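Hello,

Here is the structure we talked about handing over. My notes follow below it.

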Amino acid sequence: MADELMRDLPRDLPTFLARFGSDAQCRIYLALGRWPDGFRCAGCGHRRAYSHHVRLIEECAACGKQHSLLAGTIFEQTKTGLARWFLAIWLVTSSKGGISAMELQRQMGFGSYQTAWSWLHKIRRAMVVPNRKPLAERVEADETLMGGAKPGKRGRGAAGKTVVAGAVESGRGQGRGRRLGRLRLQSMADASAASLQGFLDANTVKPVTVATDGWAGYRNLPARGYDHEPVNLSASCGNASLRLPAIHLVFGLAKRWLLGTHHGAVSTKHLQAYLDEYVFRFNRRTATSIGHRFARLIEQAGLTPPATYRTITGKIDVA
């Protein structure tokens, strides 16, 4: 990220409003994110441009090619000023536990819950960082169930629940003394060996040590090149959380977050979006300031393709 983007970052709401209270201020900041090394025309390579006074475009001073500030971002085709979008992103990142659609509707003064809900889902799409560095060294991995409560059997096949695979970097200390690193969470169709091993293949880099429980889905990890540490449940009275404290701590915190901020059940269709938000927050829990999380999310918003309400709800296919 360009140094200019990290200067004078807001610390609280008053400093945020002073820095990003107008559409013009937000436009300048978004342009820095789109062209961190300075404007360069995609047509002729020229470095000077004129800013349109009404439309959010930059026009090359040499060839006249127009470059939209919003095209290819989550803001594309928005009829709302950038200052409102920046404020919504500030509310999302400045709140320790996130914000629900109902609360965002109240604070932003939206006329409908649907607007707040769709904005949050667009913002969550920007929380998925592409080409993330895979987990390394030692991770604890397990799976759990999340989603709405429905009657039925308990365990990995419980009705109405969604299997969620998780892996978190964990040092080799004991218990709570272990240092937790980065996290990955993924909604899964099932807890089969193919699904769980595919999750680990996509999110770790070898050589890596993977600590798991004794579930059969993990038995072939050594054959796939992993250093496997299966826990001995008999040594922990059958309680895997005593031998895999890191990932079970994460699961517990994520479930409490869903219950506390988002009031419980989340549909299978949209669960991954909520997991993406939790991972974004968890992996930036040690950020030096709220402003750094805000700046990172604005940067990602400028790189994330747009999505309509109908796309988010699954009523039409993504183009």
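Over which ring does the charged end of Arg 285 sit? The ring is that of Phe 282, with the charged end 4.0 Å from its centre. A charge sits over a ring if NZ of Lys or CZ of Arg is within 6 Å of the ring centre and within 35 degrees of the ring normal. Arg 124 has its charged end over the ring of Tyr 274, 4.2 Å from the centre.

Some conventions. This is a predicted model, in which local features need pLDDT of at least 70 and side-chain atom pairs count only at pLDDT 80 or more, while totals for chains, interfaces and linings use all residues. Residues are numbered from 1 along each chain as its sequence is written, and side-chain values use heavy atoms, with hydrogens and water left out.

Aromatic pairs. The search of the whole structure gives 17 of them. Rings of Phe, Tyr and Trp (its six-membered ring) pair if their centres lie within 6.5 Å; planes under 30 degrees apart count as stacked, over 60 as edge-to-face and the rest as tilted. Trp 35 and Phe 39 have ring centres 5.2 Å apart and planes at 70 degrees, so this pair is edge-to-face. Phe 75 and Trp 85 are also edge-to-face, because their centres are 5.4 Å apart and their planes at 70 degrees. That pair links distant parts of the chain: Phe 75 is in the loop between β3 (66-68) and α3 (82-94), and Trp 85 is in helix α3, ten residues apart. Helices (H or I, at least four residues) and strands (E, at least two) are DSSP runs, numbered from the N terminus.

Burial (under 20% relative accessible area is buried, over 50% exposed, partly exposed in between; 1.4 Å probe, protein chains only). Phe 75 is buried at 0%, and Trp 85 is buried at 1%. Trp 35 and Phe 39 are both buried.

Cores. A nonpolar core is a set of buried Ala, Val, Leu, Ile, Met, Phe, Trp, Tyr and Cys residues joined through side-chain atoms within 4.5 Å. The largest has 66 residues, and Phe 75, Phe 86, Leu 104, Ile 123 and Leu 183 have the most contacts inside it. Helix α3 gives the most to this core, nine residues. A second, separate core has 16 residues, including Val 139 and Tyr 218.

Sheet. Three strands form an open antiparallel sheet in the order β1-β2-β3; strands pair if DSSP finds at least two bridges between them. The edge strands, each pairing on one side only, are β1 (49-51) and β3. β2 (residues 57-60) pairs with β3 over three bridges, and Ile 57 stands opposite Ser 68 in β3.

Regards
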